[in-house]
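Subject: Structure for your review

Hello,

I am handing over the structure we discussed. My notes follow below it.

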Amino acid sequence: MPIRRLDSTYDEEPIGWSECFVTSSVKRQIHETAGFGRAPPQPERVNFRISPTPGMGLGMFATCSLKMGDLILSERPLIVVPVGIRADFRKPPGFTDEQYSQAALFEWEKNLEICVKRMFPENRKAFYALTNSHTEDGSGPVIGRIRTNGFGLGDGFYDKECGVTAGGYSATCDKMSRINHSCRPNTTHSFDVASFSFQLRATRDIKPGDQLFYSYAEVSLSAAGRKQELAPYGFECTCASCSGDTAKSDRIRTNLVSLVCDNRLQYDTWARKPRHLRDNKMLQSSLDLLSSLENEGLTSTPYYPLLVCTVSEIYTQLGDTENANLYLHRQEAWKTARNEEALTWDGILGKVKNKLNLSSLSPLI
Ligand SMILES: [Zn+2]
């Protein structure tokens, strides 16, 4: 993707092509996407480099100051494949489940090899240069690299005939797959089907020389839960939330949704009071919570802009237009970073009031 002729060269499509192993229904969905084939947005200048980093192999580093929402990189994936292994043969008589699963894995590897062989030589070289941490679980060199480096394409890209989970897809990139993990990520990405590309953006202000990070694990899990999710990648995270006061960090992370929603419910009560009874305590407790999220490195979670929205509304209620606009702009920058409709308080509180059980809301990265 997009469409490539046999004699196509990089001169006509400098950002390259993605090899796709997709069902005919997904192919149709892609081609029917409004604006399909358009050029991906590009940052005004190159603002990152890829360099070795101790204990982490290669990593991505900012080469200039970045603000929340700034575009760091647009990239077409090298390869897009279904998330799960799809066996196209029944279990042969006499095969154990284990033997069947190994045979299916072998067969799937052969299918994906065909895809890799179709790549431009530069893309194929980039693909095989990626790390493979799945060398001991029966994965072949192609599946192993996809499992190590693939990004889920999310709810906007799946086979509707199979459903969001079973029909999901994974994309492996050249540059973006070099981004290392931190439970305190400073970037997020979105996938634009029309230009068939990822956009990597900053989720907080970043200084030149800072390493760029993305979280491979659900950030609202405890340190122990994240360690378990990260085990297949073959490393242990040493970020401040994993190596510091994990009890304090766990309290914020595992209660993230209820902390932010409780704050909003308190705000609703506060905002209904007559103007002369509204003191600064609501503002202070909201700013304190916002600082806790920022100090914990949780600005990539969708609950962060919700809290920023609450702070902006408190300032509006207190007649401080300057600060109200400052936080409103921060919320807008975050929405730009995710390139999606952010969660809204109307939607969230509808669920909260129906269930009266804040902790049952599932957090999203
Ligand atoms: Zn960590």
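Asn186 has 23 C-beta neighbours inside 10 Å; the cut-off for buried is 20 or more, so Asn186 counts as buried. Note that the model is predicted. Asn186 sits in the loop between strand 8 (180-181) and strand 9 (187-192). Leaving aside residues up to four places away in sequence, Asn186 touches Ala202, Thr203, Arg204, Ile206, Leu212 and Phe213. Its C-alpha atom is separated by 7.5 Å from that of Thr299, although Asn186 and Thr299 are 113 residues apart along the chain.

Next, a helix pair. Helix 8 (residues 256-271) and helix 10 (residues 303-317) have axes that come within 10 Å and cross at roughly 20°. Angles under 35 degrees count as roughly parallel, so helix 8 is roughly parallel to helix 10. The crossing of helix 8 past helix 10 is left-handed. On the helix 8 side the contact is made by Leu256, Val257, Val260, Asn263, Arg264, Tyr267 and Ala271, and on the helix 10 side by Tyr303, Leu306, Leu307, Thr310, Ile314 and Gln317. Sorted by class, this contact of helix 8 with helix 10 has 9 nonpolar, 3 polar and 1 charged residues.

Strand 5 (residues 79-82) pairs with strand 7 (residues 169-172) in the antiparallel sense, over 4 bridges. Opposite Val81 stands Ser170 in strand 7.

Regards

Key
Residues numbered from 1 in each chain as written. Predicted model: local features only at pLDDT ≥ 70, side-chain atom pairs only at ≥ 80, totals over all residues. Axes fitted to C-alpha atoms, helices over the stretch in contact; angles between N-to-C directions. Helix = DSSP H or I, 4+ residues; strand = E, 2+ residues; numbered from the N terminus. Parallel < 35°, antiparallel > 145°, perpendicular 65-115°, else oblique. Left-handed = near helix turned anticlockwise from the far one by under 90°. Contact = placed C-beta atoms within 7 Å. Nonpolar A, V, L, I, M, F, W, Y, C, P; charged D, E, K, R; others polar. Pairing = 2+ DSSP bridges. Buried ≥ 20, exposed ≤ 12 C-beta atoms within 10 Å, placed from the backbone.
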